[in-house]
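Please open the model in your viewer and keep the selection panel at hand. The tour goes from one selection to the next and says what to look for at each stop.

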Amino acid sequence: MPVHRRLKEILDATPRTSETIVTGARGRPLTVEGFKTVFFRLRDRLQAEGRIRPGLTFHGVRHTAATILADVGCDEPDIMAITGHKSTAALRKYIEQADRKARAEKAIRRLEGAPAGME
């Protein structure tokens, strides 16, 4: 499975004794429920510290990933390969938002470069 280069650097620098990536404090692989527990405890701590806004969910993380991928120009099949979406309909909003954002930025750049009196 391909991974982001920063994650690959971290994984490559970590000594491996198995294919397990996520473990608990005792070094044993986390179950799905164990992972959820760790995630929500971390989320609650970060919220209490004011480092994140309330309401972070697994779906929110997926949404953010899809949004970032669309913003950097990935197309639907590429985003689906990362996020696991099964339908392109679910991704249209991310692509459309990214397209709208890119077009607005391009329009502002053109406006800022317009001759005096034309902006």
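Throughout the tour, a residue is called buried when its relative accessible area is under 20%, exposed when that area is over 50%, and partly exposed in between, as computed with a 1.4 Å probe and with protein chains only. This is a predicted model, in which local features need pLDDT of at least 70 and side-chain atom pairs count only at pLDDT 80 or more, while totals for chains, interfaces and linings use all residues. Residues are numbered from 1 along each chain as its sequence is written, and side-chain values use heavy atoms, with hydrogens and water left out.

**First stop: charged pairs**

Side chains of opposite charge can pair when their charged atoms come close. The rule applied here for a salt bridge asks for a side-chain nitrogen of Lys or Arg within 4 Å of a carboxyl oxygen of Asp or Glu, and a search of the whole structure finds nine of them.

Begin by selecting K8 and D12, which form a salt bridge whose closest N and O atoms are 2.7 Å apart. Both residues belong to helix α1 (residues 5-13), where a spacing of four residues separates them by about one helical turn; helices here are DSSP runs (H or I, at least four residues), and strands are likewise DSSP runs (E, at least two), numbered from the N terminus. D12 is partly exposed at 47% relative accessibility, and K8 is partly exposed at 44%.

Next, select R45 and E49, whose side chains meet in a salt bridge with an N to O distance of 3.3 Å. R45 is partly exposed at 45% relative accessibility, as is E49, with a relative accessible area of 43%.

Then move to E76 and R92, whose side chains meet in a salt bridge of 2.4 Å, N to O. This pair links distant parts of the chain, with E76 in helix α4 (residues 76-83) and R92 in helix α5 (residues 88-112), 16 residues apart. Which of the two is buried and which is partly exposed? E76 is buried, with a relative accessible area of 15%, whereas R92 is partly exposed at 32%.

**Second stop: aromatic rings**

Rings of Phe, Tyr and Trp (its six-membered ring) are taken as a pair if their centres lie within 6.5 Å, and the planes are called stacked when under 30 degrees apart, edge-to-face when over 60, and tilted for the rest. By this rule the count comes to four aromatic pairs. Select F39 and F40 to see one of them: the ring centres are 5.1 Å apart and the planes stand at 85°, so the pair is edge-to-face. F39 is buried, with a relative accessible area of 15%, while F40 is partly exposed at 28%. F40 also pairs edge-to-face with F58, with centres 5.5 Å apart and planes at 75°. Because F40 lies in helix α2 and F58 in helix α3 (residues 58-71), this pair ties together parts that are 18 residues apart in sequence.

Now select A66, L69, A70, I79, M80, L91, Y94, I95 and A98, the nine residues of the largest nonpolar core. Such a core is a set of buried Ala, Val, Leu, Ile, Met, Phe, Trp, Tyr and Cys residues joined through side-chain atoms within 4.5 Å. Helices α3, α4 and α5 each supply at least two residues of this core, and α5 gives the most, with four residues.

Centre the view on I95 and display its contacts, meaning heavy atoms within 4.5 Å. Leaving aside neighbours within four places in sequence, I95 is in contact with A70, C74, D75, E76 and I79.

**Last stop: an arginine in helix α2**

Finally, select R43, which lies in helix α2. Is R43 buried or exposed? At 18% relative accessibility, R43 counts as buried. Apart from neighbours within four places in sequence, R43 is in contact with I52 and L56.
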